[in-house]
Amino acid sequence: RTETAVAGSNYVALAGGNLHACVTDPDGHAHCAGTNVRSQLGIAGGNRNTFTLVTNALAFDSLDAGLDRTCGITSAHELYC
């Protein structure tokens, strides 16, 4: 298996869960990819093969992903899951 960087990406942090992962960009915006059968990506719709912006309205300081949820703490110290 060969690993390659995502062209044009500049991600800061990674949170990996069960069949999904989320990253933050330098502005703190979350992008998620993977299985979305239980809405663990925070994005409406089905599975995503590429990292997709969740929202640009929130900036996250940290993310944590588990079995079927991803949660983050914003720069305003609010928790979102």
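**Labels and the numbers behind them**

Guide: Let's start with Cys81: it is exposed, with a relative accessible area of 67%. Keep in mind that this is a predicted model.

Visitor: What makes Cys81 count as exposed?

Guide: The cut-off for exposed is over 50% relative accessible area. Cys81 has 67%, so it is exposed.

Visitor: How do you know that Cys71 and Cys81 form a disulfide?

Guide: Look at their sulfur atoms, which are 2.0 Å apart. A disulfide needs the two sulfurs within 2.5 Å, so this pair qualifies. The link joins distant parts of the chain: Cys71 sits in strand E6 (residues 70–74), while Cys81 is in the segment after strand E7 (79–80), ten residues apart.

Visitor: Why is Cys71 called partly exposed?

Guide: Its relative accessible area is 23%. Buried means under 20% and exposed means over 50%, so a value in between gets the label partly exposed.

Visitor: How many disulfides does the structure hold?

Guide: Two. The other pairing is Cys22 with Cys32, again with sulfur atoms 2.0 Å apart. That one also ties together distant parts of the chain, with Cys22 in strand E2 and Cys32 in strand E3 (residues 30–34), ten residues apart. Counting bonded cysteines along the chain, the pattern reads 1-2, 3-4.

Visitor: Why is the disulfide of Cys22 and Cys32 called right-handed?

Guide: The torsion about its S-S bond is about 110 degrees, so it gets that name. For Cys71 and Cys81 the torsion is about 110 degrees too, so that disulfide is right-handed as well.

Visitor: Are Cys22 and Cys32 buried or exposed?

Guide: Buried. Cys22 has a relative accessible area of 1%, and Cys32 has 2%. The limit for buried is under 20%, so both pass.

Visitor: How do you know that the side chain of His20 makes a polar contact with the side chain of Thr70?

Guide: The distance is 2.9 Å, and the limit for a polar contact is 3.5 Å. A polar atom of the His20 side chain also lies 3.2 Å from the backbone oxygen of Asn18.

Visitor: Which residues make the nonpolar surface patch?

Guide: Tyr11, Leu14 and Phe51 make it, and its area is about 280 Å². A patch residue must have over 30% relative accessible area.

Visitor: What is the phi of Leu19?

Guide: It is near 65 degrees, a positive value in a residue other than glycine. Most residues other than glycine have a negative phi. Leu19 lies in the loop between E1 and E2, and at 59% relative accessibility it counts as exposed.

Visitor: And where is His77?

Guide: In the loop between E6 and E7. His77 has a positive phi of about 65 degrees although it is not a glycine. Its relative accessible area is 68%, and exposed means over 50%, so His77 is exposed.

Key. Residues are numbered from 1 along each chain as its sequence is written. This is a predicted model: local features need pLDDT of at least 70, side-chain atom pairs count only at pLDDT 80 or more; totals for chains, interfaces and linings use all residues. Side-chain values use heavy atoms; hydrogens and water are left out. A polar contact is a pair of N or O atoms within 3.5 Å; within protein, one must be able to donate a hydrogen and the other to accept it, and residues adjacent in sequence count only if both atoms are side-chain atoms. Patches are made of residues with over 30% relative accessible area and no salt bridge: like charges are joined within 9 Å, nonpolar side chains (Val, Leu, Ile, Met, Phe, Trp, Tyr) within 5 Å. Accessible areas come from the Shrake-Rupley method with a 1.4 Å probe; for residues, only the protein chains shown count as cover. A salt bridge is a side-chain nitrogen of Lys or Arg within 4 Å of a carboxyl oxygen of Asp or Glu. Helices (H or I, at least four residues) and strands (E, at least two) are DSSP runs, numbered from the N terminus. Buried means under 20% relative accessible area, exposed over 50%, partly exposed in between (1.4 Å probe, protein chains only).
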